[in-house]
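Here are some comments to read alongside the structure, written for someone meeting it for the first time. Please keep the sequence and the 3D view open as you go.

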Amino acid sequence: MWTLALVCLLAGNVIAAPEGFPANGNGLWYTTQGEVWEHTWLPIGNGYLAAMLPGGTTFEYTQLNIESLWSGGPFENSSYNGGNKPLHERENMAKAMADIRQRVFSSENGTIGDVQALVSPITNYGSYAGAGYLLSDLQSTGPISDYSRYLNFETGTTSTLFTQNGISFNRTSFCSHPTQACTQHTTLSRASLAAKKTLPRLTYAFSPYLQEGLPTPNVTCAGSGSLRVRGHVGNPGILYEILATATATRTSGPGGGGGGALPVSCAVYTDPVTGLRNDTLVVSAGITEAWITWVGDTEYSLEHGTEEHGFSFKGLDPHNTLQSRIKSISASPWSFAPALAEHIKDFRATLHDRFSLDLGQKPDLSKTTAEIRSAYLLGKGDVYLEWLVFQMGRYLLAGSARGKLPANLQGKWANGIGNPWSADANINVQMNYWSSEMTGLDVTQSLWDYMEKDWAPRGAYTAKVLYNITRGWVTHNEIFGYTGMKEYEISASWANYPEANAWMMWHVWDHFDYTNDLAWLKAQGYPLLKGVASFHLDRLLPDQHFDDGSLVVNPCNSPEQKPVTFGCAHSQQLIWEMLNSVEKAHTLVGDRDQKFIQEVRAKRARMDKGIHVGSWSQLQEWKVDMDSPTDVHRHLSHLIGLYPGYSISFYDPALQGRDLTRRKVLEAAEVSLEHRGNGTGPDANSGWQKVWRAACWAQLRNSEKFYYILKFAVDQNFAPNLFSLYSPNSIFQIDANLGFPSAVLNAIVQAQDTPTLSTPLTISLLPAIPTEWATGSIKGVRLRGGMSLDLSWNNRAVKSAVLAMDRRARAREIIVLEGESGKVRRKLRAVPGMKRAICGVPCR
Ligand SMILES: *[C@@H]1O[C@H](CO)[C@@H](O)[C@H](O)[C@H]1NC(C)=O
Ligand SMILES: *[C@@H]1O[C@H](CO)[C@@H](O)[C@H](O)[C@H]1NC(C)=O
Ligand SMILES: *[C@@H]1O[C@H](CO)[C@@H](O)[C@H](O)[C@H]1NC(C)=O
Ligand SMILES: *[C@@H]1O[C@H](CO)[C@@H](O)[C@H](O)[C@H]1NC(C)=O
Ligand SMILES: *[C@@H]1O[C@H](CO)[C@@H](O)[C@H](O)[C@H]1NC(C)=O
Ligand SMILES: *[C@@H]1O[C@H](CO)[C@@H](O)[C@H](O)[C@H]1NC(C)=O
Ligand SMILES: *[C@@H]1O[C@H](CO)[C@@H](O)[C@H](O)[C@H]1NC(C)=O
């Protein structure tokens with residue numbers, strides 16, 4: 001402390017992190033207000049609600065989100081059909097499909113131009129939308145000094161501190177998961193309280209106008225101290241409501257006591273032009289604390305996405321639920337401190353109590369996050385910033401996934417009435433969740449519910465009408481059950497992606513594999529797996545192009561990549577791994593359907609496994625060898641079996657074909673990865689491409705390339721608030737944020753899935769640890785089989801590694817590899833309840 005103070009003194013006006021900022025550096029802080037929403041504002045969220053704050057001084061405009069606030073869909077158009085063809089088109093579609101398949105197989109090079117006969121126009125697709133702004137206005141003027149703001153990853157709160165007219169203010173906001181509410185608290189610093197200062201008059205109002213295109217809602221007083229915002233997104237459009245209650249108290253000084261609640265009034269105002277109400281809450285001057293708590297919801301209901309409910313997604317008017325919710329929260333003048341404590345306890349239990357990472361970072365608390373970010377150099381890196389991006393990823397996932405809907409392309413933070421790519425929840429969802437299981441984030445329930453209740457019901461209809469398949473379900477996209485194949489730029493590359501469901505099933509299996517939650521697998525996981533597997537079993541066809549007797553999909557596209565062909569590596573690898581999962585789950589849940597499992601086994605054996613080595617030693621993207629060595633496409637579709645899958649990384653000749661060896665396959669994957677470039681393809685320079693590449697290089701045990709591209713992502717694609725950006729437009733896309741932790745983890749510990757329950761689990765410790773992260777530790781990493789690992793390292797070598805097996809786990813064989821060379825350290829049989837140091841003591 002003494003040295004630090006001295007250094008500050010000598011350097012003159014060196015600043016330091018604000019009071020209350022975590023000493024371990026786990027947070028973001030700034031000395032200027034946020035200007036651009038996606039670059040400098042700060043996010044809070046509980047999954048149900050989210051908010052973005054610029055960190056204003058006397059005037060703060062908090063941008064609001066409600067997770068199910070979407071435009072489009074059945075609320076906009078009662079004839080909305082999810083991009084599906086009418087039922088009477090079924091036979092025509094079946095014929096069109098047969099014709100497409102025939103044309104693909106019989107074409108000389110196995111490709112055709114499009115699948116135009118299958119697509120539907122994009123109508124009423126809609127977008128995730130912002131819910132307007134809460135305005136909080138402290139009515140005082142004068143120059144501002146000592147300004148700072150921060151986001152605290154230890155507590156899940158954000159604060160703004162500033163001084164005006166000798167009074168130091170402190171505004172703190174957070175969204176609590178247990179109460180499903182958000183709170184903004186305004187008070188004075190301890191010193192100002194001790195000096196018996198008080199707050200000036202404070203008002204709370206609502207504005208839709210800062211969000212272009214949001215229809216004006218009614219804002220009305222709802223009892224003393226309460227405001228009710230009620231409107232629709234669009235006309236017609238979904239109904240939403242926000243209820244807010246403000247409380248004011250006066251305390252006699254630090255520690256409270258001697259004060260009490262003061263009434264907050266509500267001023268009625270009717271706009272003379274629109275005739276709509278715009279009431280305002282008013283807190284009189286002379287108090288020491290005020291806080292406003294809000295809840296919000298829409299009439300969207302995940303329980304009403306079935307055919308029985310006409311796929312309407314229409315639930316109840318949210319008013320009554322919101323009213324009882326807010327009543328249960330904010331009654332007493334002393335309720336703030338317990339509410340904050342409850343939030344912090346829940347937040348820590350979710351993010352920190354079970355898991356932690358140390359990369360040997362040395363936080364520099366004399367520089368703002370913006371300064372640290374802008375000083376970041378690709379050539380040099382900065383372990384502290386890399387560690388912060390990791391923390392940010394988990395913070396954002398916990399803050400957006402724990403509602404009733406999964407984290408979308410912007411988590412739950414979106415500013416406009418329409419947002420980039422609708423901020424939807426399609427293929428990006430997978431990367432969003434890559435790190436959840438391993439870092440023990442128990443935030444995935446909404447993801448399973450979404451698949452079961454939003455995709456599956458209408459997806460069964462799509463399977464029938466578009467594919468003439470009456471088992472299981474398929475989806476090509478999103479929130480109001482938009483399961484059809486959407487027409488976009490007459491290019492199948494955007495639309496033709498019926499493997500989305502197969503990829504999601506990897507996550508379903510993983511959830512069981514990491515948690516051993518058999519009851520969940522039986523009730524929710526396995527039915528999803530079986531449905532999707534059934535669909536793809538019916539979709540696989542004998543290859544009539546090469547006539548090699550194998551089963552392939554046709555037509556297929558590598559995601560967002562031309563041409564339309566058959567046997568795409570991506571599809572085949574996905575389906576093969578999914579069928580392995582189904583077989584494992586079938587055994588575990590004790591499904592007696594023998595016919596089904598025999599079909600799984602028979603078709604899986606005959607399947608083309610999607611792994612071929614081509615003319616330039618590359619891993620082929622398609623069954624027809626037509627890859628271009630100069631194709632630097634953003635997706636690594638055909639490398640999905642390298643990461644996050646295992647069909648490449650653990651290629652097994654006995655199951656996948658004896659014409660290749662694991663070594664050959666890995667070499668081919670490396671050739672393809674190298675040629676795929678550094679994630680700055682002609683179309684985009686986005687973060688998620690680099691993060692995926694980094695995870696793949698780690699999988700190939702190449703710490704240099706891993707670290708280089710990971711740093712390149714930080715350098716190119718992260719804003720001062722550490723939101724990940726899609727360049728050149730600098731738009732927010734959350735997938736790189738949420739994928740980043742999994743890339744980091746993949747350099748520290750890997751434990752890829754296995755094709756059968758009896759295949760030994762290979763655990764790789766420090767497979768690609770960069771020299772810059774030479775010393776560190778990680779605690780509470782969850783591994784497959786319901787294991788948990790505590791690992792520490794020194795000089796890039798394992799110092800200690802302790803593996804604990806869940807009591808519910810199955811016994812399994814384990815092989816432990818260490819280091820970039822991957823040499824075998826240990827083989828053991830892990831049994832339920834076991835806890836063991838797996839690298840011996842001492843390890844080196
Ligand atoms: C409503 O949806 C139907 C079915 O998708 C479509 O044909 C129609 O054009 C839509 N109407 C409007 C006004 O968008
Ligand atoms: C569609 O499926 C039905 C029932 O399985 C079948 O009878 C019919 O021949 C199929 N249509 C085409 C064109 O394949
Ligand atoms: C396949 O052949 C067609 C017709 O000759 C041609 O237009 C197309 O470009 C070829 N596709 C590829 C990927 O070579
Ligand atoms: C600001 O207020 C919050 C409560 O809202 C409190 O937890 C925090 O310690 C305060 N910070 C400072 C610097 O007074
Ligand atoms: C309501 O009042 C606030 C505060 O005066 C203002 O900023 C906002 O634009 C008003 N909203 C409407 C709908 O008039
Ligand atoms: C807003 O108020 C107007 C006028 O009272 C009323 O017609 C309208 O239905 C209200 N809108 C909502 C969403 O409650
Ligand atoms: C990324 O790849 C492009 C070529 O595709 C190259 O021009 C550029 O220098 C590379 N950037 C870095 C930082 O490696």
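The points below take up two ligand sites and one annotated span in turn.

1. Before anything else, please bear in mind that this is a predicted model, and that the values quoted in these points are computed from it.

2. Around ligand 4 the surrounding residues are Glu19, Leu161, Asn170, Thr172, His185, Phe336 and Leu340, and sorted by class this shell holds three nonpolar, three polar and one charged residues. Strand 8 (167-176) and helix 6 (336-351) each contribute at least two of the shell residues.

3. Two polar side chains deserve a look at this site: a polar side-chain atom of Asn170 lies 2.3 Å from an oxygen atom of ligand 4, and a side-chain N or O atom of His185 lies 2.6 Å from an oxygen atom of ligand 4. Taken alone, ligand 4 exposes 360 Å², of which the protein buries 70%.

4. The shell of ligand 5 consists of Leu135, Ala205, Phe206, Ser207, Pro208, Tyr209, Thr216 and Asn278, with five nonpolar, three polar and no charged residues. Its largest share, three residues, comes from strand 10 (residues 202-207).

5. Asn278 places a polar side-chain atom 2.5 Å from an oxygen atom of ligand 5. Taken alone, ligand 5 exposes 360 Å², and the protein buries 66% of that.

6. Finally, an unreviewed UniProt entry lists residues 762-809 as "domain: Alpha fucosidase A-like C-terminal". In the model this span is 0% helix and 60% strand, and its end C-alpha atoms lie 16 Å apart.

Methods. Residues are numbered from 1 along each chain as its sequence is written. Chains are lettered from A and ligands numbered from 1 in the order in which they are written. This is a predicted model: local features need pLDDT of at least 70, side-chain atom pairs count only at pLDDT 80 or more; totals for chains, interfaces and linings use all residues. Side-chain values use heavy atoms; hydrogens and water are left out. A residue is near a molecule or strand if one of its heavy atoms lies within 4 Å of it. A polar contact is a pair of N or O atoms within 3.5 Å; within protein, one must be able to donate a hydrogen and the other to accept it, and residues adjacent in sequence count only if both atoms are side-chain atoms. Accessible areas come from the Shrake-Rupley method with a 1.4 Å probe; for residues, only the protein chains shown count as cover. Helices (H or I, at least four residues) and strands (E, at least two) are DSSP runs, numbered from the N terminus. Ala, Val, Leu, Ile, Met, Phe, Trp, Tyr, Cys and Pro count as nonpolar, Asp, Glu, Lys and Arg as charged, and the others, Gly among them, as polar. UniProt positions are given in the numbering used here, feature names are shortened, and annotations may be inferred rather than shown by experiment.
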